[in-house]
Amino acid sequence: MTPQKSDVKSRIVKNFDGYQSFKYLIPGKHYKSYQLPQSEKYRQTGEIKLREDQKRLFETILKSYPVVSLRDHGFVVPKNQEDIIPYCRQLHTAYDYKGLALSGVDILFENFMDGISILTSSNGLKWDDVILTLGIRYCDIAKQNTVYVAKDYQDLLVAKKTNRIAILPSLEAASIIENEVNRVDVLYGFGIRCMGITYNEANTLGSGLIEKSDSGLTRFGHKVVERMNRLGMVIDISHCGDQTSLDVIEASDAPVFITHAGARAVWNSPRMKSDEVLKACADKGGIIGVCAAPNTTLSSKNPNDHTIEAVMEHLEYLIELVGVDHVGLGPDTFFGDHVGLQHAFDDMLSLSESHGENYEESTYVKGLENPSEAMKNMIKWMITHDYNIQDIRKIIGSNAMRVLELILQ
């Protein structure tokens, strides 16, 4: 697959008035500016050609049904590798409203890259860093009209009607609450509606997926799960170890989400989920989102080439394992050099350990490099592989909406 040239303006499908992040400030005076990728960040790295009847079906799907990304980002990575860490040490990191307008997404689980917010800390996932990041992003969002922050299920329904994108504020992990369960309430007050239990390493709630010994959900973790249930906050176990995942599913009164992962049976790495966890999640009514971050959802059939075909192999496996009613899409893409960012934060977030071994690193996922192509190409892929419209509708959003209606209060 080779990048395809296209007219960016003609592909915008959501309201967009030209606003760029922090347009109300002066770069160089109010914040330090860094060189960012330009039009290349919207490149189409894999073209999926549709027949005329398939094009009509594609257009009908985008027009008629909610498109929910269980994990994607408006974040823009600076163009130069050496700028990534200093760029992330300031409040003013760019958010790409035009890129999201191109995505076709109606509802976006967005964690505002809280895991790499290093404003006051060198290791991230700290309370002050996350709160500061939320505040500055909400300020910027208030100045534009492409996206809006959703607080409840009814807010999500407005997106399609108004041709905008509903942001469901999320956190990658609950590490920032330390041992203060009341911080869950505070986060809810700040708009957070979805939170992961752990990231790759252990915290006060349980074990992350790279820990050699997973002792499961802690007593404090049980308190957090119970509080999230009471508040109406989505619980995410994407980065939890297997036993912690199973404990969370059992402890929660509500269905649990795996917003962005894949099947270990397709690619044997800690970042993927075992059949036992996947089945338990589905049996409780939960939803599993298929991830497309580089070097995660690989396939053992061709471990040295991360493409849309490998990613969708995970989708097909999940459908066979747990049924079409329990799967969704959580590409986990953003704008710019995703792998460059992974390298910059590898030691801090243990990313390479989570990806497993014995593969050649891909610099991007062919066909799924950024939000402007990811969800649309996934839909096109399903159309060209003869998925019926009802199953596509479920996978791209209706499954998630069904469960969100139960949880969000």
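**Close-up 1. Where helices α1 and α14 meet.** Gln54, Leu57, Phe58, Ile61 and Leu62 of α1 touch Lys376, Ile379, Lys380, Ile383 and Thr384 of α14, with contact meaning heavy atoms within 4.5 Å. Helices here are DSSP runs of H or I with at least four residues, numbered from the N terminus. A friendly note on the model: it is predicted, so local features need pLDDT of at least 70 and side-chain atom pairs count only at pLDDT 80 or more, while totals for chains, interfaces and linings use all residues. Residues are numbered from 1 along each chain as its sequence is written, and side-chain values use heavy atoms, with hydrogens and water left out. The axes of α1 (residues 52–64) and α14 (residues 374–384) come within 10 Å and cross at roughly 130 degrees; axes are lines fitted to C-alpha atoms, for helices over the stretch in contact, and angles run from 0 to 180 degrees between N-to-C directions. The two helices are therefore oblique to each other, the term for angles left over once those under 35 degrees (roughly parallel), over 145 (roughly antiparallel) and 65 to 115 (roughly perpendicular) are set aside. Their crossing is right-handed, which is the clockwise case; a left-handed crossing has the near helix turned anticlockwise from the far one by less than a right angle. By class, this contact has 6 nonpolar, 2 polar and 2 charged residues, where Ala, Val, Leu, Ile, Met, Phe, Trp, Tyr, Cys and Pro count as nonpolar, Asp, Glu, Lys and Arg as charged, and the others, Gly among them, as polar.

**Close-up 2. Helix α8 alongside α9.** Helix α8 (residues 242–251) packs against helix α9 (residues 275–283) at an angle of about 15 degrees, with their axes 10 Å apart. That angle makes α8 roughly parallel to α9. The crossing of this pair is left-handed. From α8 come Asp242, Ser245, Leu246 and Ile249, and from α9 come Glu276, Val277, Ala280 and Cys281. The contact of α8 with α9 comprises 5 nonpolar, 1 polar and 2 charged residues.

**Close-up 3. Helix α9 again, now with α10.** The axes of α9 and helix α10 (residues 308–322) come within 10 Å and cross at roughly 60 degrees, and this crossing is right-handed. Asp275, Leu278, Lys279 and Ala282 of α9 meet Tyr317, Leu318, Leu321 and Val322 of α10. Among the contact residues of α9 and α10, 6 are nonpolar, none is polar and 2 are charged.

**Close-up 4. The largest cavity.** Searching the whole structure turns up 5 cavities of 30 Å³ or more. On a 1 Å grid over the protein atoms alone, a cavity is a set of points where a 1.4 Å probe fits but cannot get out, whereas a pocket is an open set with protein on both sides within 12 Å along at least five of seven lines; lining residues have an atom within 4 Å of a point. The largest cavity has a volume of about 330 Å³, a volume being the space filled by probe spheres set on the points, with grid points joined across faces, edges and corners. Of its 24 lining residues, Glu172, Tyr199, Asp332, His338 and Leu351 are closest to the centre. The lining of the largest cavity divides into 10 nonpolar, 11 polar and 3 charged residues.

**Close-up 5. The second largest pocket.** About 540 Å³ of space lies in this pocket. Of the 29 residues lining the second largest pocket, Gln20, Ser21, Leu36, Lys41 and Ala94 are closest to its centre. By class, the pocket lining has 15 nonpolar, 9 polar and 5 charged residues.
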